[in-house]
Amino acid sequence: MGTFILRRSLQGFLVVLGVTIVVFVATRMIGDPAQVMLPLSATDAQRAAFEQQFGLDRPLDAQFISFVGDLMRFDFGESLWQRRAALEVVLEKLPKTLELIGVGLLLATVVGIPLGALAAVRPDGLFDRVVVGLSLTGLSVPQFWLGLLLIMVFAVGLGWVPTFGSGSLAHMILPAITLAVPSMARIMMLVRSSVINELNQQYVRTAKARGMPFGRVLFQHAMRNALVPVLTLVGWEVISAWAGYTVVVETVFAWPGLGFTAMKAINHSDLFLLQAIVFVVAVGIVLVNIGLDVLFKLIDPRIKEA
Amino acid sequence: MTITSSSMSDRSTTPSMIQGALMSVAPLGRFLKELWRDKAGFTGFAFLVLLVLAALFAPLLAPHDPAAQSVLARLKPPIWMEGSVSGHLLGTDMLGRDILSRLLFGARSSLLVSVSVVALAGSFGVMAGLLAGYKGGLTDALIMRVVDVQVAFPGLLLTLLLVAVIGPSTATIIIVLTFSNWMIYTRVVRGIVMSLRQTPFVEAAEVVGCKSARIILKHILPNLISPLLTLAILEFTNIILAEAALSFLGLGVQPPATSWGLDVAGGKNYMMIAWWPITFPGLCIAMTVLSINLFANWLRVTTEPAEREKRYARGRAAKMRRAKKT
Amino acid sequence: MAYAQPTPILEVRDLHVEFDTMSGLVQGLRGVSFSVMPGETLALVGESGSGKSVTAQAVMGLIGLPGSIVSGDILWKGQSLLTPEGQKKAASLRGKSLSMVFQDPMTSLNPLMTIGAHLVEVLRRHMKLSKPQAFARGVELLEAVGITEPRRRMAQYPHEFSGGMRQRVMIALAIACEPELLIADEPTTALDVTIQAQVLDLLADLQKSMGLSIVLITHDLGIVAGLCERVAVMYAGSIVEAGSAATVFEQAEHPYTQGLIRSTPRLDDRRDRLVSIEGAPPSLLHPPKGCAFQSRCPVASRQCDTKPARQETPAGGSVSCWTPSLPAWADVAKTTEVHAR
């Protein structure tokens, strides 16, 4: 287990290094921070001062070394928009995004797994067709549009919940549903096909032959095995939501998390804040990945230490 | 050989011969006939054909200039509602632009971006996959390490960063989406190539001394077509949704060009008083993606014989159960 | 021969099973009849696709849609298992009085459940034992099927067991609730030859000590001889010949049975050359109208175009053939020999 975690950590380090290089290349070589961050009306003198302040006038290799050095000290610079340390802004917004992801994916899992499993009991039956139809629709609807439709119907039309912002449970409902829908659709589809597959396995036949009632065969035998790939998917959903796919939902609902802040940073040309968000998220992805791998090893005894 | 062919023609009856001739002449006809059996897949395919035609002939079909503004005809509802203006079938947006015309031209943006990205990311990814799978060793290790690392990147956030630095435009999103979507092709292709290399026919070709390029072209590429086709079609849905989301966020297609995502963003501030400016473009995205999904689903089942048999068995079982109940 | 006829523990009467596939209706079973007496071992012999496994699944109630039992009956101690009440009865028998060992031990156990969990599950369900009782009984059962260190083994997962060990576990599961009838569907096919013998010995021992009836399904005549009292030979979805093992081996009536026996190598008899039955069994999608073996039979004649009825043989068995007991393969063997020289 120890060597396993070490290996995964090394891989994670490569990811963070890769992100570092891409961000450096993008911000210092492809783009020009002075041009992005300063207003168009800035004079040449202002530009020079800006470049000197952030060391942008030095050769690229020297810039890269100090760039990496700053990152290792978790010094992401100061947010020009908020006038305080970028990391401080990120850590302040982080819990809101985690809250949204947590509630959204919990909803997706809690609804998606039972519906998918029930659909698998009678493939091509009426219930199954409804579930498959719902999943396909959920996969096809763009999230931002779904969010707006929900606001239009439930917040504006019916007035049941607030239109945007955060604070109460009522604020949470629509963003969580919007975030959950595509994940729920994927989870339902996978649970369905996975359970159908497991119900055709030999060990299910033998369990039936031993006189186990269908409910037990489904929940004790088939579901357990079917949930192994589903857990991988849920892990992937966590990572992809975390990797920025909350941006859309947060923007639609003005949810004050990392994604919404990233959009604001772009609108304010605050490159340092955006960089900080990208790095914190990259480190988060690495940690979540390692955590999930450890979890899978605990769940499935067949996964050998490799 | 001669014996087989003559005995076959002895046995076959005239109608089946005609049918056979028709099939070899018209694979399109066979394709449509097969597709017709799956009504959902057929509907999806039909919608996609209409969409492509609409995008190609948008200038001819559109009743108005999609960018033409009219202060007098702002936020007019669709033609079947009270207060509508004639000539604007689906109503107008907040600048008095014709929604139907914008939808037709918006289809162009969606297709342009998705076709470009799938083609670029696909060809780059496939080449990397062929290289990794075929060369093996250090090349393979290097390419796959890059793939692994990049798959674990914070996808959309990095995309946002790149777009913010380069500056949003249609070209930018094509480049950025290509950069963040090529890895899946590499993984799939490498997996298939690795397993194919161990099959007797490729091993035999190697032993006989065929050149690598020839082996790849003649033996490996044909086996990649079916899985790659399904993958590429599903990737279309991802790219269309990504383009729409980026345009919605203001980081994709820029005005005066049109895009469905952009139109939804434009109508967002008026949704309290007018539902149509955001509903129709959103519906277009959803229906396009749904159609692709339905078609891809049919394709996947049809190209796999085992899957077809299973599907038939499920269908029969469901029918038998229903018959039992009544 | 027969004294007072006891009721058979299992009787299958004219069973027809069909599968609805994409290519059409496949007639998996076309009128199978046999019975098993208490304490008796019956071998169902035939090549793959002859309907042996389908028969076993039908008895176990495992024929799932789109397959279905079209006609015929399955009786447990004289009571039908196919009527609505019978199905309830069958559900209570399954795993308890009527149990089964499957062909492939590698996939027959749930990979995410320990061996102990499997045993405890079945013991708690059918024997109404408490958890500790079930565990203790599970340990005894593992010991009974020859697994060393049973207590430690209980906590292990299937992937930590070899094929032969897993089949022992399957047998332990099958005998856990003291069944009256055990169906063993090719229990040794997936195993090494040495392990095969061990597993068969185990089955024989258990039968003696528990007095259970066994239906042994196999394509291997070699393992029938030592273990079974009666044999039923299946071909293309029906039984072509049945009788006591001794008579079937000594004087097979049906040409197919004769061919099967002559194609099995025997250590004690080296005079004859091995026979190979040319061709393949008919498709069960469109089975022939007459005798199904006609196309491969060396002594087929015109009357074989109509289906032969089942008739009693002098030795107390039954056979479905127009020309039973005709030595079908003698000439073939001779000619082969001539050619060989």
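## Contacts and fold of chain C

In chain C of this predicted model, 65% of the contacts between residues at least 6 apart in sequence join residues at least 24 apart. The secondary structure of chain C consists of 11 helices and 12 strands.

A compact globule of 341 residues would have a radius of gyration near 20 Å, and the 21 Å of chain C agrees with this. Along the principal axes, the C-alpha atoms of chain C fill a box of roughly 65 × 50 × 50 Å.

## Surface and charge of chain C

Of the 341 residues in chain C, 52% are buried. The accessible surface of the chain is about 15700 Å², and carbon and sulfur atoms account for 53% of that surface.

Chain C carries 32 positive and 34 negative side chains. The centres of these two sets lie 4 Å apart.

Asp14(C) is not a glycine, yet its phi is positive, near 45°. The residue is part of strand β1 of chain C, which covers residues 10-21. Asp14(C) has a relative accessible area of 42%, so it is classed as partly exposed, the class that lies between the limits of 20% and 50%.

Glu186(C) is another non-glycine residue with a positive phi, about 45°. Its place is in a loop of chain C, with β7 (181-185) on one side and α7 (193-210) on the other. The relative accessible area of Glu186(C) is 6%, so this residue is buried; the cut-off for that class is under 20%.

## Domains of chain A

Chain A is divided into two domains: domain 1 spans 20-72 and domain 2 spans 96-255. Taken over C-alpha atoms, the centres of domain 1 of chain A and domain 2 of chain A are separated by 43 Å.

## Trp242 in chain A

Trp242(A) belongs to helix α10 of chain A, which runs over residues 214-253. Trp242(A) counts as buried because its relative accessibility is 10%, and the class takes in values under 20%.

Which residues does Trp242(A) touch, leaving aside those up to four places away in sequence? They are Leu94(A), Thr97(A), Leu98(A), Ile101(A), Leu258(A), Val280(A), Val281(A), Gly284(A) and Ile285(A).

Gln275(A) is located in helix α12 of chain A, made up of residues 271-299. With a relative accessibility of 4%, Gln275(A) also counts as buried.

## A cis peptide bond in chain B

Where in chain B is Pro256(B) placed? Pro256(B) sits in the loop that connects α12 (212-248) and α13 (260-268) of chain B. The peptide bond that joins Pro255(B) to Pro256(B) is cis, with omega about 10°.

Notes
Residues numbered from 1 in each chain as written. Chains lettered and ligands numbered in written order. Predicted model: local features only at pLDDT ≥ 70, side-chain atom pairs only at ≥ 80, totals over all residues. Heavy atoms only, no water. Helix = DSSP H or I, 4+ residues; strand = E, 2+ residues; numbered from the N terminus. Rg over C-alpha atoms; globule rule 2.2 N^0.38 Å. Buried < 20%, exposed > 50% of the residue type's maximum accessible area, 1.4 Å probe, protein only. Contact = heavy atoms within 4.5 Å. Areas by Shrake-Rupley, 256 points an atom, 1.4 Å probe, with all protein chains shown as cover. Lys, Arg positive; Asp, Glu negative; His and termini not counted. Charge placed at Lys NZ, Arg CZ, Asp CG, Glu CD. Domains from an automatic or database assignment.
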